[in-house]
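Please open the model in your viewer and keep the selection panel at hand.

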Amino acid sequence: MRLWHILQSRLRSLFFRDRRESDLREELQFHLERETERLQASGLPRDAARLHARRVFGGVEPIKEACRDARGLSWLETLARDLRHSLRRLIRDWRFTTAAVLILGLGIGANTAMFSVINAVLFRHASLPEPARLVDIYQRSADPGGQDFNSYPAYLDVADYTDLFASTMATSIPHGATYQHEGTLRPALIENTTGRYLSVLGLRPSLGRWFSPDEETRGAPVVTVLGHRTWRSRFGADPAVIGRTVRIDGVPVLIVGIGPAGHNGTINIGIVTDFWLPIASLEAFGMADALERRPNESMFLVKARLRDGVTVAQAQAAMDILGRRLAAEYPNEDPGRGIRVVASKDIWIHPQFDGPIIATASTVLVIVGLVLAIACSNLATLLLVRGASRAKDISIRLAIGATRRQLVRQVLTESLLLSSVGGAAGCVLAWWGIRWLRTVELAMTIDLALDGRVLAFAIAVAVLTGIACGLAPALSATNVDLLPTLRGEGAAQAVAPRRLTPKNALIIFQVSMSVLLLGCASIFLQAADAERTKPLGYAVDGVAMLETDSRFTGYSAAHARTVYDELLRQTATIPGVESAALTRGLPGGITGQRLVVEGTAGDRESSVAAVMISAGPGYVETLRIPLLHGRAFDARDRANTPRVAVISETMARVYFGTANAVGRRFRLESEPGSWTEVIGVVRDVGTGLVDSHPHQFYLSFTQADAVPTTIVARTSRDAADLLAAMQRKLRDLDASLPVTTAKTMAQARADARTASQAIAASLVALGTLGLLLASVGLYAVIAFAVTRRSREIGIRLALGAPRQRVVWSVLRGVAGLVGIGTALGLALSVLATLALRAAYAPAPGVSLYRPTVDPVALLAIALIMGLVGVAAAFVPARRAVLTDPLVALRHD
Amino acid sequence: MSDQTDVLQGTLDLLIMRTIALEPMHGWAIALRIQQVSNDLLRVQQGSLYPALHRLEHQGWITAAWGVSENNRRARYYALTKAGRKQLVIEVSKWDRLSAGVNLVVQRT
């Protein structure tokens, strides 16, 4: 009860201060009047009575003050008062406040947005129940430098070890397919898994069920479990979707369940798997051989849950024995290098990919952290400058009786207020940034969300900086001797400009971080540029392509072929068309294969890796790929004629020992009886990976008796017009054939570069941001230096020093700082480049761009920083030059 | 000026609370009552009275409310709260102990 009363009283005094004051006045007034009346009653005349009463009463104001003091100020009232005061102060110094809020907001916002991207792509690890029991099992690849995966038959052997593993599952790497939804065709990612998939991971479907055992047999009708994210975004989270049929690659598939919420795929790198299908259904999609082949380019991942009490070492020992047995039983098929068991928690994505991925992630993290560092140091500089200029103000307050504690509390409140506003601005900016990033179109869905942890961290850092840097000058200012500071001689006690004061150190830090940031941005620009100018090896101008999917129309193969042949004939008649060809898939699409060259031993050690590109008659001519020897495909090559192939120059040289390998033969490792003869050699082409795979061979779809899907044509006129004409012809010919892709080659190339361009653009933006921040910091410091040395400048000018010399003396100190900072930043940039170069050493199967130290870029950065420094110094320097000596002398 | 006995702060609180224990009063009436009941031995100064009243209110022992005084004017009336009553008993016993102790020492020496 008492507590309630106290609280009421405190709140009342907080909000109704004016009423309290008038109440008090009225109360004392009443007392005075009653006293006057009493004295009147005892005989005094009114005026004398009042005078007497007043005198006895004493001063009203001291009593009022005593009453106010007796109430005491609760901490709530103190806080309110400090906040009001800080707000007024900040509004008065609006230039400083705006700058500080912008800096904080930009730093926190940019940092959070970029880090959320990284987080989505790289760090969002699924939180699975009991992750310590989960292991990944790989077959070591035959190629010592190759990637380890697994094959389905080997999985079946591993699954037999039920004494070691409580459950095992195999899943395919997510691969692309097309599905039909509400009439339109959409790309999708599919994983083919076994039935125990969810139980190994420890998850449950969010709706419906997983596959049942009879759905896992070959030949059973195909069912699917829809991914949760896709269900929400594309199917409207409609529970009635279960039981519906959707066509995937033309095959009708029944939806039986919805995947677990938050589970976007087995490989957790931010891409979203849309459908899970039973592994046995690969047969329905024409990939039955993937289920039978032992060599591990079948690309399956095997995970298992260990039984209680079984350790990873025990499992590994058992798998070693299994590995040896398989190598002995299947000498020609099994890679023969053993089986590896790895605890799932020890890897991010894949044991061999983790290295470069972590290097990239670290780089981007560092870059993003740099921005935040620059922002914080910038804020620190501004606060230090401001704090130093308030030394006199603080001294006055100390002199008239404020306690140190009160002053520190006020400064703290101000810093916190500033940081809160800046933090709020940062949140808004981060949210916007993520929204914008989401609109960047990529081939796969990436799960991008604002990460609360990062935001909290960034805000915490900024707030801490704000507090520390606002507090430091207050604490030191409250320590000074009052008198000299009040007299304005504080400036005389200032240290010489060259010494390493905190302010100077901050400037050097900011400049060097800015330069480093620009250096990193230039590395990524280098990579993006290299990708852009990479020679493709085939024609881009005037080429257009149209891809359709006849699987969804229900056409028979023969009918589909007729339609395509007619389309080809009609396309050739479009005015301006020089050449046209049919093929399967989009030009440049590759499939990894293993080959055995004729003349080498047929065992697994002599098989070599290459990539297959699907082609057809006229393909090589249409794309203007230079034919070096022999011939390309033509009408002669059909399903019943001997198998032929066109190979790339490098493949000819390396695998066949001669540039002219026409007439030599090779076979696919998986087809022991069927030899393919080389009929032509062409130049290598760029295949879309960052570094092109040099061993390429082309097969004609006509020989596989397959249906073409794409028509490619080249015109001497505009490619966009050609594309429109092709689309018209297709519509006139067969309006029911759905089009999956319609692009000019130039568009396709540009689309492939979207991701890296987005990254480069973001980094350039960040670099510019860093520059901006550094320049603001420089400006603040120089402006302050000029103001502080006004008197000195005035004296010099009055004594006749030329203005230029005076300006130069002001700028000299700062120029030194900028110079040191730039040099430091450049050195760090070079180090970073070299470190990345080492980290991106050629990884098996994938080559990443290895950055080189570019002296031109470094010079450009140094020049930019110099210009920025000059620009920042310009205004204060001008002010110094135009100072009237008399005014400067009187300045204090 | 007649001599004014300075009253200790703690005892002033006690006096105030005791005075208004029977009925709510305004500040002037409290001072008058104390003076009358103590046979003019104790005179409370306004400079101590009102701060004491406000402090007691702040601490929750007494409440204040506006009312109409004897001569039909607005005055601020103070009354004891329930907690105040309990505190009064404690204060009285404290005073008894203190005064008894002081008496003993003074009479001894």
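**Starting at a helix end**

Select G800(A) to begin: this residue, just after helix 24 of chain A, takes a positive phi of about 100°. The model is a predicted one, in which local features need pLDDT of at least 70 and side-chain atom pairs count only at pLDDT 80 or more, while totals for chains, interfaces and linings use all residues. Residues are numbered from 1 along each chain as its sequence is written, chains are lettered from A and ligands numbered from 1 in the order in which they are written, and side-chain values use heavy atoms, with hydrogens and water left out.

Step back into helix 24 (residues 790-798) of chain A, where the buried residues are S790(A), I793(A), G794(A) and L797(A). Because these cover an arc of only 100° around the axis, they sit on the same side of helix 24 of chain A. The arc is that of the directions from the helix axis to the C-beta atoms; helices (H or I, at least four residues) and strands (E, at least two) are DSSP runs, numbered from the N terminus. Buried means under 20% relative accessible area, exposed over 50%, and partly exposed in between (1.4 Å probe, protein chains only).

Next, select T571(A), which lies in helix 18 (residues 557-573) of chain A. T571(A) counts as buried because its relative accessibility is 0%. Leaving aside its neighbours within four places in sequence, T571(A) is in contact (heavy atoms within 4.5 Å) with V577(A), A580(A), I711(A), A713(A) and M726(A).

**Across to chain B**

Now show both chains together: 26 residues of chain A are in contact with 30 residues of chain B. The area buried between chain A and chain B, that is, the accessible area (1.4 Å probe) that the two parts lose on being put together, summed over both, is about 2700 Å², and carbon and sulfur atoms give 55% of it. The rule finds 4 salt bridges across this interface, a salt bridge being a side-chain nitrogen of Lys or Arg within 4 Å of a carboxyl oxygen of Asp or Glu. To look at a salt bridge, select R73(B) and E33(A), whose closest N and O atoms are 3.1 Å apart.

Of the 109 residues in chain B, 41% are buried.

Finish at L98(B), in helix 4 (residues 82-108) of chain B, which counts as partly exposed because its relative accessibility is 46%.
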